[in-house]
Amino acid sequence: MEGLYTWISARTTWMNRVMVYTPMDIDLLPPLYLIYAENLIDSGKVHSTVRQRWLAGDEFIISTMEDVANIAVEGQKALLDKDYAKLAAFMNHNLT
């Protein structure tokens, strides 16, 4: 897939989540710097423990995943409204 998409997960279960991909107009984006790494790590090493904790009912993991889903929805709204200050706050949420 190329372009701009939102990726929002509907809460069901870890194994049966519903992912909704919505194409968006790329002109909604403010000027951005994109940084990437060439030496990628296997994200499964990190995410497998998250999955195990979700399945075990870990409230911290469940509430954090719900927060991430809510940020995605609110970030999409900020993009549509071209509220870039709000979008930046959502993008920096993990730093707090």
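Which residues does Thr6 touch, not counting residues up to four places away in sequence? They are Val20, Tyr21, Thr22, Met24 and Gln76, where a contact means heavy atoms within 4.5 Å.

A quick word on the background: this is a predicted model, where local features need pLDDT of at least 70 and side-chain atom pairs count only at pLDDT 80 or more, while totals for chains, interfaces and linings use all residues. Residues are numbered from 1 along each chain as its sequence is written, and side-chain values use heavy atoms, leaving out hydrogens and water.

Now for strand 1, which covers residues 4-10 and holds Tyr5 as well as Thr6. Strands (E, at least two residues) and helices (H or I, at least four) are DSSP runs, numbered from the N terminus. Here is how the two neighbours compare for cover; buried means under 20% relative accessible area, exposed over 50%, and partly exposed in between (1.4 Å probe, protein chains only).

| Residue | Relative accessible area | Class |
|---|---|---|
| Tyr5 | 33% | partly exposed |
| Thr6 | 9% | buried |

The side chain of Thr6 also makes a polar contact, at 3.4 Å, with the side chain of Gln76. That term means a pair of N or O atoms within 3.5 Å; within protein, one must be able to donate a hydrogen and the other to accept it, and residues adjacent in sequence count only if both atoms are side-chain atoms.

Gln76 takes us to helix 2, where the buried residues include Gln76, Gly75 and Leu79. After helix 2 comes Lys82, with a positive phi near 55°.
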